[in-house]
Amino acid sequence: GTYIYDSRGIELHHLDKSLGLEYLPYHFLLVTYDQRKLKYYDTTSGQVIADHVARNPYTVMRQNHSNGIIALGSAKGTVEWWTPGIGTPAVKIFVGAGISDIGFYKGYMYTAGENVKVWDSRMLKVLHTYPINRKLTSLEISQSGLLALNYGFRMDIYKEAHLAKQTHPYMTYKSRGNMNNCRFVPFEDLLGIGTTYGFSSLAIPGSGVPFYDTFENNPFETKKQKR
C-alpha cells in the first residue's frame with residue numbers, strides 16, 4: 001500500500017495498493033492507478049473523491065502539469081486523458097502497439113511504443129516520429145524541452161525534438177549498469193539516473209530553466225513564505 005506521513009513522521013493516510021502515483025498540487029489531489037482502476041484522493045481528508053474503471057489495463061500514467069490532465073497508456077496502444085469529474089476518458093487516442101511511457105511539454109505530448117511520436121496536444125496530430133532500435137525503458141522531458149530516451153545501458157538526449165525532426169542526439173551516455181529510471185532536476189542542468197549500481201547524476205547543459213517565479217516555485221522558500 002501507499003502511506004502518507006507529515007513532517008513529524010506521523011502516519012496520516014493509508015491508501016490501497018497502486019502501481020503509480022501522481023500529485024496535482026493545485027487541486028491537492030493524489031492520483032493512483034492499478035491496472036483498470038484510477039482513483040483520486042483528497043490529501044487533506046484522505047477520502048476518495050473519484051473512482052474510475054477503464055476497459056483496458058493500464059501500463060503507464062503521467063500528468064500534464066500545464067492543465068492537470070492524467071494520461072494513461074494501455075498495453076493495447078491507446079492513450080486516455082482523464083479528469084476527476086468525468087467517469088469516461090475525455091480523450092482517447094490510438095498511438096500504436098505497447099505504450100511504454102508518456103511525456104508532456106507545453107502543448108506537446110510524447111508517446112513511446114514501437115517508436116517515439118511527438119503529438120500536438122490540441123490538434124491530436126503527429127508532428128514527428130523517432131524510430132526505436134532497441135527496447136525503451138523510459139523517457140523524460142526537462143524544463144527547457146530536452147528529451148531523454150533511456151534504453152537501459154544507453155541514454156540519448158535530443159534538443160528541440162518537438163520543433164523539428166532531429167537526425168542526431170544532442171548528447172549520448174552509456175552506463176556500465178542498467179539504467180532503470182531518470183529524472184531531470186528542476187532549475188539545474190542535472191539529470192539523475194537510477195542504475196543497478198546505485199544513483200548517479202549527469203551534467204546536461206541547458207536542461208534546466210535558470211529563472212523562476214518566486215510566487216510559483218521558489219527553491220529558496222522560507223517557512224514564513226510557505227505559510
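Leaving aside neighbours within four places in sequence, which residues is Pro 169 in contact with? The first legend answers this for the predicted model shown above.

**View 1. Pro 169 sits in a loop between two strands.** The loop runs between strand E17 (154-158) and strand E18 (171-174). Leaving aside neighbours within four places in sequence, Pro 169 is in contact with Asp 156, Ile 157 and Tyr 158. Look at Pro 169 and Tyr 158. They are eleven residues apart in sequence. In space they are 4.8 Å apart, C-alpha to C-alpha.

**View 2. Tyr 58 is a buried residue in a strand.** Tyr 58 lies in strand E7, which covers residues 58-64. Its relative accessibility is 4%, and because buried means under 20%, Tyr 58 counts as buried. Not counting residues up to four places away in sequence, Tyr 58 touches Tyr 33, Gln 35, Arg 36, Lys 37, Leu 38, Leu 72, Gly 73, Ser 74, Glu 80 and Trp 82. Take Glu 80 from that list. Tyr 58 and Glu 80 are 22 residues apart along the chain. Their C-alpha atoms are separated by 9.6 Å.

**View 3. The largest nonpolar core has 15 residues.** Those with the most contacts inside this core are Tyr 110, Val 116, Leu 136, Leu 139, Leu 147 and Leu 149. Which elements give two or more residues to the core? They are strand E12 (108-112), strand E13 (115-120), strand E15 (138-141) and strand E16 (147-150). In soluble globular proteins, nonpolar side chains tend to be buried together.

**View 4. Leu 149 touches residues from several parts of the sequence.** Not counting residues up to four places away in sequence, its contacts include Val 116, Leu 136 and Leu 139. These three are also listed with Leu 149 among the core residues with the most contacts. Leu 149 touches Ser 138, Arg 154, Met 155, Asp 156 and Tyr 158 as well.

**View 5. The whole chain has one helix and 21 strands.** Its radius of gyration is 18 Å, close to the 17 Å that the globule rule gives for 227 residues, so the chain is as compact as a globular protein of that length. The C-alpha trace spans about 50 × 45 × 35 Å along its principal axes. Buried residues make up 43% of the 227 residues. The accessible surface comes to about 13,100 Å², and 52% of it belongs to carbon and sulfur atoms. The chain has 25 positive and 19 negative side chains. The centres of these two sets lie 5 Å apart.

Technical notes:
Residues numbered from 1 in each chain as written. Predicted model: local features only at pLDDT ≥ 70, side-chain atom pairs only at ≥ 80, totals over all residues. Heavy atoms only, no water. Core = buried A, V, L, I, M, F, W, Y, C linked by side-chain atoms within 4.5 Å. Buried < 20%, exposed > 50% of the residue type's maximum accessible area, 1.4 Å probe, protein only. Helix = DSSP H or I, 4+ residues; strand = E, 2+ residues; numbered from the N terminus. Contact = heavy atoms within 4.5 Å. Rg over C-alpha atoms; globule rule 2.2 N^0.38 Å. Areas by Shrake-Rupley, 256 points an atom, 1.4 Å probe, with all protein chains shown as cover. Lys, Arg positive; Asp, Glu negative; His and termini not counted. Charge placed at Lys NZ, Arg CZ, Asp CG, Glu CD.
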